[in-house]
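The exercises below work through one protein model, each with a solution that goes step by step. Please look at the sequence and the structure before starting.

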Amino acid sequence: MDFDIILRGGQVLDGTGRERLAADVGVQGGRIQAVGDLSRKRARDEIDARGLFIAPGFIDLHSHGDWSILEGPWSDHRERQGITTELGGNCGSSPVHLDRHFQAVEEMGTATNYALLVGHGSVRKEVLGKEDRPPSREELKNMEYLVAEGMEAGAFGLSTGLIYVPGRFAATEEVLYLVKVVRRYGGTYNTHMRSESDTILEALDEALRIASSGDVPLEVSHIKVMLRRNWGKGERMIERIEAGRKLGLDITADLYPYTVTGGGFYGPGNFLPTWKEGGWESFRSAYQDKDQRVQLTDQVRSVLVERGGPEYFTVIATELGVASEALGLGLPELANLWKASPEEALLELFYREEGKVVLAFAALEEKELEGFLTVPWSMIGTDGTAKSRHPRPRGTYPRVLARYVRERGLLSWEEAIRKMTSLPAQRMGLKDRGIVAAGKWADLTVFDPLTVRDTATFLEPEARPEGVIHVLVNGELVVRDGVSTGCKPGRVLRRAG
Ligand SMILES: [Zn+2]
């Protein structure tokens, strides 16, 4: 036998952006051994890939997999959408003592490769708790120690979540100080910026200042602009980032292909904070009283206006099922159905369902998302974890391929795959992954370009994607014929020093 596995007759998208070509791929000892005409070669396992695209396995540069990886039960949401490596520890949140965590992950075993950033927020919490004050000299030293410990253990950089407690309590100087630690190890600075809405341009300037003073590569996490009143700022962000790149700064960004964010799930408490305190009974009596109902309507209307309008809200859960006809409808459609104003319809929905209602709120503009998606320095990340109400941990990669490549032609197959593979590999300094070429690790995703698509929705976030046929991690099949094999060839990837 010449190889362990041969994938025969596929179209190879090598991940670099180069035009696809017909070729066989031979895998041996966990690595890609040959790419080309292998018709005279034989393998233990020969897989027919005619009609399929063979790409490098997708590298999820923005995952929160560390939140659930050790909790089980094992979830196959990564490999089922073609992900073979994930980078967790984003948005300032990570395990603190990475050595111990990595050991636990290795003992458990994983289907896909796993890597981490050190989370600034988690480090700060370990040293200062949730206190809103600058660290003392000694505390800063302790934080420095923990960041260095993480980098020694193999982290790929430092992440911040400057919008969250306790990351938001950190001044620019504190972050800059710690970024300089990361620089010593050749890591990156990945930031969930201090604002993604009204002061987003100032927040971007802070990130650029930290990257340039700290002399580190900058990754703008899940790049986006929230709330309709801010839409349009994306263009200015792109201009500033491109100006920085021209000056020699190494700046990239990642994003997920949805206009609803992770925090975009609204219940009655988001519209009626005072009712939230009083509970269901107080809402019911207020709703039944004519004058108080006017107040409730005003409150709901003002929230809808502040968020850009009722058209950005969709009903995704009605737990009692009394008003299940509302399920899946946008708020304006529901208002039409019930012949009411959007705010009246929403209140009626809360009333009928005793408050057990969830709406998805689209804080992002589709056009702006497309702008971020098509710049050459952006890449794809799920921002996901196994336990999520959002479809992104299961749908992100197939959704980009189906919606933005096949249906809309916004990206070529080659460019989309580059954003999922060699670009994130470059970001992480992974020299032997992210490209289909002899000598690289055999992380491969084989998909059908005619059928690949996401099926996860806000109503059914757990639905598995279609058209991802075979997935190999380190030369072993973790998905075969669209079904998980249960194999766990994944490794903990540590930054090479
Ligand atoms: Zn984030």
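**Exercise 1.** Which residue in β12 is the bridge partner of threonine 191?

Solution. Before starting, note that this is a predicted model, in which local features need pLDDT of at least 70 and side-chain atom pairs count only at pLDDT 80 or more, while totals for chains, interfaces and linings use all residues. Residues are numbered from 1 along each chain as its sequence is written. Helices (H or I, at least four residues) and strands (E, at least two) are DSSP runs, numbered from the N terminus. Strand β11, residues 188-192, pairs with strand β12, residues 218-220, in the parallel sense over three bridges, where pairing requires that DSSP finds at least two bridges between two strands. Within β12, the partner of threonine 191 is valine 220.

**Exercise 2.** Find the order of the strands in the open sheet of six strands, and say which strands stand at its edges.

Solution. The order is β9-β10-β11-β12-β13-β17, and the pairing is parallel. At the edges stand β9 (118-119) and β17 (378-380), each of which has a single partner strand, so one side of each is left without a neighbour in the sheet.

**Exercise 3.** Describe how helix α5 packs against α6.

Solution. The axes of α5 (residues 200-214) and α6 come within 10 Å and cross at roughly 15°; such axes are lines fitted to C-alpha atoms, for helices over the stretch in contact, and angles run from 0 to 180 degrees between N-to-C directions. That makes α5 roughly parallel to α6, since angles under 35 degrees count as roughly parallel, over 145 as roughly antiparallel, 65 to 115 as roughly perpendicular and the rest as oblique. From α5, Ile200, Leu201, Leu204 and Leu208 meet Lys233, Arg236, Met237, Arg240 and Gly244 of α6, contact being counted if the C-beta atoms of two residues, placed from the backbone, lie within 7 Å.

**Exercise 4.** Describe how helix α10 packs against helix α11, and list the residues that make the contact.

Solution. Helix α10 (residues 331-338) and helix α11 (residues 342-352) pack at an angle of about 85°, with their axes 8 Å apart, which makes α10 roughly perpendicular to α11. On the side of α10 the contact is made by Leu331, Pro332, Leu334, Ala335 and Trp338, and on the side of α11 by Pro342, Ala345, Leu346, Glu348 and Leu349.
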